[in-house]
Amino acid sequence: MMEVGFRFLLLCGLSGGLLPAGLAAATETVVTDPRRGLALSGFDPVAYFTDAKPMMGRGEIEYAAAATTWRFRNEGNRTAFLEHPEVYTPVFGGYDPVAVARGVATPGHPQIWAIVGERLYLFYSPDTRNSFAADPDAVLTVAERKWPAVLRTLVP
């Protein structure tokens, strides 16, 4: 079984600054299961924040948009997502920020994650998550700069 993610908050006073402004925007492309069209392999994006761990969503509580289906554990989580998708959608659409900083789109795994600056990030492996955790500001600064070029390589 994959290692369950961890939660840590990046506080302005500890990190030396704020996250780049562009990270607050939702991405245009979200990693989805190509067969089922599910975002986060069916995990509830709000549960990372409310339960502090990935929790499977239910097939009867879904929201579909832009060829992506999001699943939720309960109606409250679906409502929260619909009111603030920019908060609950993984940054970079669920692509690993360390890979994005290297200029490539590598899908993150929904069970390898972190919340930084009140935003969800997914990682390809525990190693990339650890790299990110060592200096999130540096990774995010480079990833944000490279994201537009990486985004252009993705199939719409």
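This briefing describes the nonpolar cores and the aromatic pairs of the structure above. The model is predicted. Its largest nonpolar core has 20 residues, and a second, separate core has 16 residues. The structure also holds 9 aromatic pairs.

**Nonpolar cores**

- Within the largest core, the residues with the most contacts are Phe92, Tyr95, Val100, Tyr121, Phe123, Phe132 and Trp147.
- Two or more residues of this core come from each of α5 (97-101), β3 (109-116), β4 (119-123) and α7 (136-153).
- Helix α7 provides the largest share of the core, with 6 residues.
- Apart from its neighbours within four places in sequence, Val100 is in contact with Phe92, Tyr95, Ala143, Lys146, Trp147 and Val150.
- The second core includes Val46, Phe49, Trp70 and Phe81.

**Aromatic pairs**

- Of the 9 aromatic pairs, one is formed by Phe49 and Tyr88 in an edge-to-face arrangement, at 5.2 Å centre to centre and with 85° between the planes.
- This pair links distant parts of the chain, since Phe49 lies in helix α2 (residues 47-50) and Tyr88 in helix α4 (residues 85-88), 39 residues apart.
- Both Phe49 and Tyr88 are buried.
- Tyr121 and Phe132 form a tilted pair, at 5.2 Å centre to centre and with 40° between the planes.
- Here too, distant parts of the chain are linked: Tyr121 belongs to strand β4 and Phe132 to helix α6 (residues 126-134), 11 residues apart.
- Tyr121 counts as buried because its relative accessible area is 0%, and Phe132 is likewise buried, with a relative accessible area of 0%.
- Tyr63, Trp70, Phe72 and Phe81 are linked into a cluster by ring pairs.

Definitions and conventions:
Residues numbered from 1 in each chain as written. Predicted model: local features only at pLDDT ≥ 70, side-chain atom pairs only at ≥ 80, totals over all residues. Heavy atoms only, no water. Core = buried A, V, L, I, M, F, W, Y, C linked by side-chain atoms within 4.5 Å. Buried < 20%, exposed > 50% of the residue type's maximum accessible area, 1.4 Å probe, protein only. Helix = DSSP H or I, 4+ residues; strand = E, 2+ residues; numbered from the N terminus. Contact = heavy atoms within 4.5 Å. Phe/Tyr/Trp six-rings, centres within 6.5 Å; stacked < 30°, edge-to-face > 60°.
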